[in-house]
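Please look over the coordinates below before reading these points.

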Amino acid sequence: MRSPELGGRPTVVVPLGSVEQHGAHLPLGTDTTVAAAVAAGLVARRPGLLLAPAVPYGASGEHEGFPGTVSIGTPALTTLLVELGRSAGLWAGRLLVVNGHGGNLEALRAAVPLLRHEGRDVAWFPCGVPGGDAHAGRTETSLLLHVEPEAVRAELAEAGETAPIAELLPRLRAGGVAAVSPNGVLGDPTGATADEGARFLAGMLDRAVAAVDRWQVDPSGRLLPAAPVPG
């Protein structure tokens, strides 16, 4: 796509990820890879959308106890998203951020409502799997085995802390992931498969397509899920 080919104020889809540890078996860019796969699949299903390059850095301070993590922090990410939205809004009709990392939520919840208050039609969508584990466990491992199998070092996969994330939050907030999981994994990658990853991705895509088709936005800037079918 080249500048002269852009017209009609398209909806631009931007994958947002992170650079952070994902245990010994998954790459640093796992969240970006997943967000990019969801965004690309969404654009393939709705060809009127325009796929933008991914934003690969996010707010990952909770993972800074591990080498390889590079976090720009919430204030910087908030500013980045605001300026991205303002700039793209000069020619795009809508902007959708497809988010692959939970640590980016605070920035999204600050930046997107501000952009909407300024009159820009901006929203965000989370790459979540209902019932999935939190970090580098079976959910993300299955997704990577489907999307980028050559990047998974399955022989190094091992379980980490498997307690529910709600139980871990006080310790996570105080000391980051390293305080609760020495290997950086929150979950158990045992049993992960590419087939399961394909199902996870298909489910995220179905939810994303339905949410975009509906395009209703909550006060945090998040696209609301599709309305339930009556009956």
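1. A polar atom of the H25 side chain lies 3.3 Å from the backbone oxygen of A136, a polar contact being a pair of N or O atoms within 3.5 Å, where within protein one must be able to donate a hydrogen and the other to accept it, and where residues adjacent in sequence count only if both atoms are side-chain atoms. The model is a predicted one, in which local features need pLDDT of at least 70 and side-chain atom pairs count only at pLDDT 80 or more, while totals for chains, interfaces and linings use all residues. Residues are numbered from 1 along each chain as its sequence is written, and side-chain values use heavy atoms, with hydrogens and water left out.

2. H25 sits in the loop between strand 1 and helix 1, where helices (H or I, at least four residues) and strands (E, at least two) are DSSP runs numbered from the N terminus. H25 counts as buried because its relative accessibility is 1%, the term meaning under 20% relative accessible area with a 1.4 Å probe and protein chains only. Leaving aside neighbours within four places in sequence, H25 is in contact with residues including A136, T141, R153, L156 and P189, contact meaning heavy atoms within 4.5 Å.

3. The four strands form an open sheet in the order 2-1-3-4, with parallel pairing, and two strands pair if DSSP finds at least two bridges between them. Its edge strands, each pairing on one side only, are strand 2 (49-51) and strand 4 (122-126). Strand 1 (residues 11-16) is joined to strand 3 (residues 94-99) by six bridges in the parallel sense, and T11 stands opposite R94.

4. Helix 1 (residues 30-45) packs on the sheet, touching strand 1, strand 2 and strand 3, with its direction at about 160° to that of strand 1; such angles run from 0 to 180 degrees between N-to-C directions, along lines fitted to C-alpha atoms, for helices over the stretch in contact. Helix 6 (residues 194-214) lies across strand 2, strand 3 and strand 4, and runs at about 160° to strand 4.

5. For the protein chain as a whole, six helices and four strands are found, following the pattern β-α-β-α-β-α-β-α-α-α along the sequence. The radius of gyration is 18 Å, close to the 17 Å given by the globule rule for 231 residues, so the chain is as compact as a globular protein of that length; the radius is taken over C-alpha atoms, and the rule is 2.2 Å times the number of residues to the power 0.38.

How values were computed: Buried means under 20% relative accessible area, exposed over 50%, partly exposed in between (1.4 Å probe, protein chains only).
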